Structure formats: structure tokens, C-alpha cells
Amino acid sequence: MFTDEYFMKMALNEAEAAFEKDEVPIGCVVVSNNRVIARSHNLTETLNDVTAHAEMQAITSAANFLGGKYLINCTLYVTLEPCVMCSGALSWSQISKVVIGARDEQRGFINKNLTLHPKTEIVTGIMENECSSIVKAFFKSKR
């Protein structure tokens, strides 16, 4: 029941909430012991803050929930590959696992040859079509 797809669907729900707010539709959830401890989506337009990416919001929320800055034994599910800024924050958080829906060939951290914490497991391609479709639909609506 608690599969990567199960939690990625929750992240997609967050992306849909962002879409409805006219935010770039990226969503994520942080899971610890099969329990969602944080959920978020992009809020850069709402907060007028370039750092208000879904991952940044989720890292802060999860750390507050846990009462510490490290996200050891936690998994972040995110619909689009994190950018350089978010990958840096994820690395510092020492998160145990990051599950990525769709890759971001232009702005994602992987093609920039960056890595996360050495102990962080990275999984890509979970519900990739659904995760990339919502981003494509958003930008198509802007043209």
C-alpha cells in the first residue's frame, strides 16, 4: 500500500493545488515511517519569494515537525527534479531518500553534476508522465 506511487500521488495533489493558485505546479511530501509529516507546493508568486519552492517549504515544515534540522530516515517525494538551490538544502538536511517524478533537464541538479548527501538514495521516474504533464500544461496555458 505505501509505495512510491502512493506518496507521489499526494505530491501530485500538491502540484495541482499550486496550479490552481497560478504557481508553477510542483508539489512534494515528506514521509517518515510511512506517515506524511510535511506537504507543500510552490509559493513563489503567493509569497513574492524566489526561495519559496515546494521543497524548501517541505524541508522547513518537516524539520519543525521533527524538532530538528536533519531529515534522517525521511523520504521526500517531489513531482519535478529539484533545482540547485533545493538540492543544496536537501543535502544539508541529510534526507535519507529523494523520489523524483519527472526530470528537469534544464534546471535540475542532476545535469549540473551535483549530488545530495552521500547517504541519500535517489529514485527517478516515478509517475513521470503525470508529473511532467502538469508542468507542460501549466506553461502551455501561459503562451
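**Figure 1. Ile100 is a buried residue of the predicted model.** With a relative accessibility of 0%, Ile100 falls under the 20% limit and is therefore classed as buried. This residue, in a structure that is a predicted model, belongs to strand β4, which spans residues 97-102. Beyond its sequence neighbours up to four places away, Ile100 contacts Met8, Val78, Leu80, Glu81, Pro82, Phe109, Ile110, Ile122, Val123, Thr124, Gly125 and Ile126. The C-alpha atom of Ile100 lies 6.1 Å from that of Tyr77, although 23 residues separate the two along the chain.

Figure 2. Leaving aside residues up to four places away in sequence, Met8 touches Tyr77, Val78, Thr79, Val99, Ile100, Gly101, Ile126, Met127 and Cys131. Met8 is also listed among the buried residues of helix α1.

**Figure 3. The largest nonpolar core contains 38 residues.** Met8, Val30, Leu76, Tyr77 and Val98 have the most contacts inside this core. Two or more residues each come from α1, β1 (27-32), β2 (35-41), α3 (54-66), β3 (74-80), α4 (84-93), β4 and α5. The greatest contribution is that of α1, which supplies 6 residues.

**Figure 4. Helix α1 carries buried residues covered by several elements.** The helix comprises 17 residues and extends 24 Å from its first C-alpha to its last, close to the 24 Å expected at 1.5 Å a residue. Its buried residues are Asp4, Phe7, Met8, Met10, Ala11, Leu12, Glu14, Ala15 and Ala18. An α-helix has 3.6 residues a turn, so residues three or four places apart point the same way. The cover over the buried residues of α1 includes strands β1, β2, β3, β4 and β5 (121-124), together with helix α5. Just after α1, Asp22 adopts a positive phi of about 65 degrees.

**Figure 5. Helices α1 and α5 are in contact.** The axes of α1 (residues 4-20) and α5 (residues 128-142) come within 10 Å and cross at roughly 5 degrees. Angles under 35 degrees count as roughly parallel, and the two helices are therefore roughly parallel to each other. On the α1 side, the contact is formed by Met8, Leu12, Ala15, Glu16 and Phe19; on the α5 side, by Glu130, Cys131, Ile134, Ala137 and Phe138. Of the residues in this contact, 8 are nonpolar and 2 are charged, with no polar residue present.

How values were computed: Residues are numbered from 1 along each chain as its sequence is written. This is a predicted model: local features need pLDDT of at least 70, side-chain atom pairs count only at pLDDT 80 or more; totals for chains, interfaces and linings use all residues. Side-chain values use heavy atoms; hydrogens and water are left out. Helices (H or I, at least four residues) and strands (E, at least two) are DSSP runs, numbered from the N terminus. Buried means under 20% relative accessible area, exposed over 50%, partly exposed in between (1.4 Å probe, protein chains only). Contact means heavy atoms within 4.5 Å. Axes are lines fitted to C-alpha atoms, for helices over the stretch in contact, and angles run from 0 to 180 degrees between N-to-C directions. Angles under 35 degrees count as roughly parallel, over 145 as roughly antiparallel, 65 to 115 as roughly perpendicular and the rest as oblique. Ala, Val, Leu, Ile, Met, Phe, Trp, Tyr, Cys and Pro count as nonpolar, Asp, Glu, Lys and Arg as charged, and the others, Gly among them, as polar. A nonpolar core is a set of buried Ala, Val, Leu, Ile, Met, Phe, Trp, Tyr and Cys residues joined through side-chain atoms within 4.5 Å. The expected span of a helix is 1.5 Å times one less than its number of residues.
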